Amino acid sequence: MEKWLIQSIWIAVFGFLKEFRPEDPYIIQYLTNPPMNFTNQEVNQEIFPVSTYTCLGLTVVMFLITDYLRYKPIVVLNAVSSLIVQILLIFTRSKTDMKIMEVFYGTMIACEVAYYTYVYSKVDKKYYKTVSSHMKMGCLLGRLVSALLAQTLIDNHVLTVSHLNYLTLAGAIASIFWAFGLPSIKNSLYFHQTSEHTYIRDNTGKKGIFFHKIKFFNLFGLFYCLFYKLKIYSSR
């Protein structure tokens, strides 16, 4: 098997693990029933918005530092944030704790930029379309399998809604180990360029690249956050 294909499948498996979140479709049910007992108004107006604003604030920051840190640390941060989210959901009960949990949920979402750009620094341009499809497929399969599994277990009274958090916790732990096993990146697209990418520096200069990235990331961050705001309220 070719090296680029192995790398593509490796990161796609991480995408599957990070999206394996069986409790997500039932999060409102979990938060509004014992042992949490929050009201719908508290959940929708006080708790969930925290992750939206966190994502908006951090998306631009993550875009700026992901390339500089060579992707992998941000991928690991994504997995660690997911783990912290589940620990707080399982072991804490106060509204303040849930708001802190949403901060880490927003961080997890903002860190996804590293997942979608990591592999482009590892493979040749001619494979970009193929590896993009692998990464997206990994995420969609993770959501599909976790949703079907959760629905099956709940409908057949095998597990309760609160027990789904433990399945999600298992997925988060697995994603951390998998993230640490990802190959490190020696060269990136902007800050640590290879000779293949020096045309960017030669044609526009570092200052031009920086301001171009700032403009792009601000616009992308805004639309990225709006997209996830809709996603959060529709799936959670």
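**View 1. The model has zero disulfides, counting a disulfide as a pair of cysteine sulfur atoms within 2.5 Å.** This is a predicted model: local features need pLDDT of at least 70, side-chain atom pairs count only at pLDDT 80 or more, and totals for chains, interfaces and linings use all residues. Residues are numbered from 1 along each chain as its sequence is written, and side-chain values use heavy atoms, with hydrogens and water left out. C55 is buried, at a relative accessible area of 2%. C139 is buried too, at 0%. Buried means under 20% relative accessible area, exposed means over 50%, and partly exposed is in between (1.4 Å probe, protein chains only).

**View 2. F16 and F20 form a stacked aromatic pair.** The structure holds six aromatic pairs. Rings of Phe, Tyr and Trp (its six-membered ring) pair if their centres lie within 6.5 Å; planes under 30 degrees apart count as stacked, over 60 as edge-to-face and the rest as tilted. F16 is partly exposed, at 26% relative accessibility. F20 is buried, at 14%.

**View 3. F14, Y115 and Y116 make up one aromatic cluster.** K18 lies over the face of Y115, 5.0 Å from the ring centre. A charge sits over a ring if NZ of Lys or CZ of Arg is within 6 Å of the ring centre and within 35 degrees of the ring normal.

**View 4. Y71 and S184 are 113 residues apart in sequence, yet 8.3 Å apart in space, C-alpha to C-alpha.** Both sit in loops. Y71 is in the loop between helix 3 (40–68) and helix 4 (72–91). S184 is in the loop between helix 8 (161–180) and helix 9 (198–235). Helices (H or I, at least four residues) are DSSP runs, numbered from the N terminus. Y71 is buried, with a relative accessible area of 3%. From Y71 to I185 the C-alpha distance is 7.1 Å, across 114 residues of sequence. S184 touches K72 and K122, leaving aside residues up to four places away in sequence. Contact means heavy atoms within 4.5 Å.

**View 5. Helix 5 covers residues 95–110.** This helix has 16 residues. From first C-alpha to last it reaches 23 Å, close to the 22 Å expected at 1.5 Å a residue. The expected span is 1.5 Å times one less than the number of residues. Its buried residues include M98, M101, E102 and Y105. G106, T107, M108, I109 and A110 are also among the buried residues of helix 5.

Methods: Helices (H or I, at least four residues) and strands (E, at least two) are DSSP runs, numbered from the N terminus.
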